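I opened my notebook to record a first look at this chain. My entries follow the order in which I looked things up.

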Amino acid sequence: MDVFKAIQWRRSIRRFALKKIEREKISQILEAARLAPSSSNRQTWHFVVIDDTSIIEQIPKQVALGTKMLVPWVSNAPLVIAGCYTKAWTHVVAQLFSHENHLVDVSIAMAHIALAATALGIGTCFVGWFNEKKLKHLLHIPVNYKIAVLLALGYPADAPTKESIGGIDPRPRKNLEEIVSYNKFGVKF
Ligand SMILES: Cc1cc2nc3c(=O)[nH]c(=O)nc-3n(C[C@H](O)[C@H](O)[C@H](O)COP(=O)(O)O)c2cc1C
């Protein structure tokens with residue numbers, strides 16, 4: 001599957017089949033993260049690959065108060081990847097100039113993971129609703145690392161619909177007119 005197809009096909013999947021993701025495919029997906037670009041090539045990311053169901057079941061419980069209803073489906077995912085990062089000195093300097101490169105780096109790598117998974121027929125959904133402190137404790141993340149985002153992965157439980165096949169269903173997205181300027185912000189083509 002080429003990259004444009006993967007972009008079109010990808011959609012958030014929150015219902016997963018019982019089938020486990022094959023080791024070989026997990027390796028391919030992680031390789032896509034490893035090859036991602038990063039500022040000054042620092043690669044200060046770390047990916048915690050969670051396939052222990054007893055840990056995955058705990059994840060929806062590690063959310064901020066009042067948001068429990070938002071992520072109960074995560075407990076049925078066969079795999080969750082926690083995208084973590086720390087900062088190199090180059091990131092600290094960049095921050096003096098308001099550049100959050102450490103977050104950009106890990107976000108790009110996680111997008112690589114999502115698209116690689118899509119190309120392999122695996123569904124994904126990002127999860128931003130979690131209590132970072134509780135989750136760090138659960139996953140034994142060192143103090144100098146933070147969790148940027150989680151990605152739940154698994155084979156989709158539902159067959160693609162007529163509309164979703166080939167990514168041709170209209171996605172609820174702003175049109176390009178609204179989100180693109182030329183040369184200066186607000187200047188249209
Ligand atoms: C950073 C980030 C955090 C997200 N957090 C959640 C979440 O906590 N729970 C959830 O159900 N979906 C979450 N999503 C999925 C979005 O709701 C979804 O990507 C968006 O509605 C667009 O739909 P699509 O992915 O099917 O194109 C998150 C997506 C991103 C990029």
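I began with the UniProt record: its unreviewed entry has the annotation "domain: Nitroreductase" over residues 7-59 and 68-155. Such annotations may be inferred rather than shown by experiment, and their positions are given in the numbering used here.

I noted that this is a predicted model, where local features need pLDDT of at least 70, side-chain atom pairs count only at pLDDT 80 or more, and totals for chains, interfaces and linings use all residues. Residues are numbered from 1 along each chain as its sequence is written, and side-chain values use heavy atoms, leaving out hydrogens and water.

Next I looked up the largest nonpolar core. A nonpolar core is a set of buried Ala, Val, Leu, Ile, Met, Phe, Trp, Tyr and Cys residues joined through side-chain atoms within 4.5 Å. Buried means under 20% relative accessible area, exposed over 50%, and partly exposed in between (1.4 Å probe, protein chains only). The largest core has 24 residues, and V80, I147 and L150 touch the most other members. I found another core apart from it, with 21 residues, including W45 and F47.

Then I turned to salt bridges (a side-chain nitrogen of Lys or Arg within 4 Å of a carboxyl oxygen of Asp or Glu). I count 5 by this rule. E132 and K146 form one, at 3.2 Å from N to O. E132 sits in helix α6 and K146 in strand β4, 14 residues apart. E132 is buried at 19%, whereas K146 is partly exposed at 39%. Helices (H or I, at least four residues) and strands (E, at least two) are DSSP runs, numbered from the N terminus.
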